[in-house]
Amino acid sequence: MDIYLPIAEVSLDIFVLLGLGAAVGFLSGVFGVGGGFLLTPLLIFIGVPPTVAVASSANQLVGASVSGVLAHWRRGNVDFKMGYVLLVGGLLGSLLGVWIFTLLKRLGQIELTISICYVLLLGGLGGLMMIESIRALFRLHRPGVSRRRLHQHTWMHGLPLKARFRRSRLYISALLPVGIGFVIGVLSAILGIGGGFIMVPAMIYMLGMPTSVVPGTSLLQIIFVAANVTVLQAYTNHTVDAVLALVLLVGGVVGARIGTRFGMRLRGEQLRLLLALIVVAVAAKLAFDMTVRPADLYSIASEKG
Amino acid sequence: MTARPGVSSDQLGSFAVLLVFSLLCWAPARAEELVADLTSHLIAITTGFTGASVVLFGAVDGPGDVIVAVRGPDREMTVRRKSRVAGIWVNTQEVTFANVPSFYAIAASRPMLDILSPAAAAFYRLGISNLKLAASTPAPSVVVDAFRTALERTQQQAGLFVERLGKVDFLGERLFRTTIMFPSNVPTGTYLVEVFLVRDKDVVSGQTTPLVVSKVGVDASVFDFATRQPGFYGAIAVLTAIVAGWLASLPFRGA
């Protein structure tokens with residue numbers, strides 16, 4: 001059954017859209033990543049114009065994240081204080097990011113920049129996560145090894161403005177999450193994503209947050225970043241397709257609920273290894289696409305006249 | 001192929017109109033060399049829109065061939081070409097065409113080359129290769145030609161440039177009809193349907209009929225709202241998503 005999307009101006013099979021939403025929602029439920037980095041390319045692949053795909057997935061992320069945060073919150077797995085501190089950095093960063101985006105667009109190399117950013121980020125993060133989680137898995141199988149220290153003390157712990165994050169059982173400088181939020185804000189604006197897949201590893205490895213509170217807290221900040229992107233895109237580019245977002249959302253919330261329960265059954269190390277595998281796979285695919293001769297060397301961009 | 005009730009009832013209606021029309025034509029209306037009209041002048045895009053077809057019918061005053069061209073509103077299009085830089089495929093060249101028809105379809109009662117001279121086809125801009133596409137980017141003509149070919153090919157693959165969209169069929173010597181098909185990704189706007197009567201390899205008469213492709217109902221309201229009140233629309237889109245997300249989590253409470 002086809003449904004006509006008023007902003008995208010195409011008809012697409014509603015079941016394909018629902019399925020897509022469910023698959024991405026499942027991932028977001030398990031890992032606490034928004035899934036934008038998968039949803040946007042998939043939407044473009046099935047025929048949604050790229051600009052509409054970016055803006056509408058941001059819109060659907062808002063709803064999916066709300067539902068996810070509520071689920072995690074009921075289990076007490078959201079660190080609101082940490083979320084808000086990250087958000088302050090995130091909003092500042094997205095302002096700079098939008099400015100960089102406009103600059104690159106004028107230079108005509110935004111697509112390439114996006115691809116390279118994705119490959120470097122996903123490849124680097126995914127690789128590190130994979131090594132770490134494989135090590136962790138092996139450690140668990142060896143008996144008699146002492147428990148991991150809570151965290152290691154580095155220069156990061158010497159920063160001023162120390163604050164207590166009770167849920168995360170951390171006493172660290174507030175500058176640290178603000179800085180991480182800032183970097184993610186910049187990247188989100190350039191890549192058009194919520195930033196969950198950068199946020200999750202950063203929370204685990206840089207801040208040292210317990211894995212259980214990471215997905216909920218990450219989703220909390222994604223709500224605001226995605227809402228910000230949606231309003232900005234709707235205002236400047238008229239590219240938010242609310243109908244598309246709603247259909248994706250219906251599939252997404254179902255997937256997210258199943259994903260959250262599935263995630264609870266997995267151990268932290270397994271969860272991280274799985275996420276690492278997905279991230280590395282996406283990076284490999286993007287890197288491969290950049291070096292392979294495209295089927296059509298020419299591409300067309302249409303300006304509405 | 002799936003059955004589309006909308007199309008079949010449309011066609012049924014068109015037969016009735018055609019019948020009445022043909023009866024009228026038998027009357028001494030000889031002054032006009034070519035008369036043609038569409039079964040509908042509006043293509044309404046609704047939520048279930050999967051493409052549409054419109055029947056064009058008409059009569060000519062004697063033997064000859066008919067060519068029908070459908071042209072959508074012009075748009076500016078940029079064609080980019082990738083080439084390999086340090087192992088990566090990068091957009092390196094681009095050419096912008098100022099006035100590309102967003103939709104172009106042409107049909108004829110016989111193959112175009114058999115009924116129309118190349119000069120006449122070029123003059124009346126009939127056929128995809130005769131479209132006047134002006135490059136607004138300064139570039140050598142060889143380059144522009146290559147980019148133009150790529151543009152034509154891509155638009156054809158998208159079903160937006162169509163040659164022989166369905167043949168023009170003659171019923172007897174004077175009455176003709178053809179079905180114009182529009183894909184689901186048809187651009188909105190005012191279209192021009194041009195009908196030409198061709199004799200001895202030249203156009204002897206022509207007629208132009210407008211056709212409007214427009215969104216109606218809920219989709220039109222959403223689109224209007226999104227363009228007229230963008231900030232408000234964005235806020236509503238976010239709120240809707242928040243409420244939907246919240247509602248979706250309710251039935252699972254206590255799980």
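Predicted model: local features only at pLDDT ≥ 70, side-chain atom pairs only at ≥ 80, totals over all residues.
The expected span of a helix is 1.5 Å times one less than its number of residues.

**Entry 1**

I looked up the confidence scores before anything else. The predictor gives the complex an ipTM of 0.72 and a pTM of 0.66. Chain B has a mean pLDDT of 80, with 85% of its residues at 70 or more. Where does pLDDT stay under 50 in chain B? One such stretch is residues 1-10, which has four contacts beyond four places in sequence. Another is residues 20-31 of chain B, where the pLDDT is below 50 and the model shows nine contacts beyond near neighbours in sequence.

**Entry 1: chain B overall**

I counted six helices and 12 strands in chain B. Of its 255 residues, 43% count as buried. I also checked how far along the sequence the contacts reach. Among contacts in chain B with a separation of 6 or more, 71% are between residues 24 or more positions apart.

**Entry 2: helix H6(B)**

Helix H6 of chain B runs over residues 230-249, which makes 20 residues. From its first C-alpha to its last I get 29 Å, close to the expected 28 Å. Next I wanted to know which residues of H6(B) are buried. The list is Pro230(B), Tyr233(B), Gly234(B), Ala237(B), Val238(B), Ala241(B), Gly245(B), Ala248(B) and Ser249(B). They cover an arc of only 140° around the axis, so they sit on the same side of H6(B). A reminder to myself: an α-helix has 3.6 residues a turn, so residues three or four places apart point the same way.

**Entry 3: helix H5(B)**

I went to H5(B) next. Its 12 residues should span 16 Å, and the end C-alpha atoms are 16 Å apart, which agrees. Asp219(B), Ala220(B), Val222(B) and Ala226(B) are its buried residues. Their arc around the axis is only 160°, which puts them on the same side of H5(B). Gly217(B) and Arg228(B) are exposed, on the face turned away from that buried side.

The buried residues of H5(B) also pack against parts of both chains. From chain A there is strand S1 (2-5). From chain B there are strand S2 (42-45), S12 and H6.

**Entry 4: rings in chain B**

I found 10 aromatic pairs over all chains. I looked at Phe103(B) and Tyr191(B), whose ring centres are 5.8 Å apart with planes at 50°, so the pair is tilted. I had to check where each one sits. Phe103(B) is in the loop between strand S6 (88-101) and strand S7 (104-108) of chain B, while Tyr191(B) is in strand S11 (residues 189-199).

Tyr191(B) has another partner, Phe182(B), in an edge-to-face pair with 5.8 Å centre to centre and 85° between the planes. Phe182(B) is buried too. Ring pairs link Phe103(B), Phe182(B) and Tyr191(B) into a cluster.

One more ring for the page: the charged end of Lys215(B) sits over the ring of Phe223(B), 3.5 Å from its centre.

Most residues other than glycine have a negative phi. I wrote down two residues with a positive one. Arg125(B) has phi near 55° and lies in the loop between helix H3 (118-123) and helix H4 (141-157) of chain B. At 36% relative accessibility, Arg125(B) counts as partly exposed. Asp200(B) has phi near 50° and is in the loop between S11 and strand S12 (202-215) of chain B. Asp200(B) counts as exposed, at 79%.

**Entry 5: Ala8 in chain A**

Last, I looked at Ala8(A), in the loop between S1 and strand S2 (10-13) of chain A. Ala8(A) is buried, with a relative accessible area of 5%. Beyond four places in sequence, Ala8(A) touches Val48(A), Pro49(A), Val52(A) and Asp241(A). Ala8(A) and Ala242(A) are 234 residues apart in sequence, and their C-alpha atoms are 9.9 Å apart in space.

Key. Residues numbered from 1 in each chain as written. Chains lettered and ligands numbered in written order. Heavy atoms only, no water. Phe/Tyr/Trp six-rings, centres within 6.5 Å; stacked < 30°, edge-to-face > 60°. Helix = DSSP H or I, 4+ residues; strand = E, 2+ residues; numbered from the N terminus. Buried < 20%, exposed > 50% of the residue type's maximum accessible area, 1.4 Å probe, protein only. Lys NZ or Arg CZ within 6 Å of the ring centre and 35° of its normal. pLDDT = per-residue confidence, 0-100. Contact = heavy atoms within 4.5 Å. Arc of directions from axis to C-beta.
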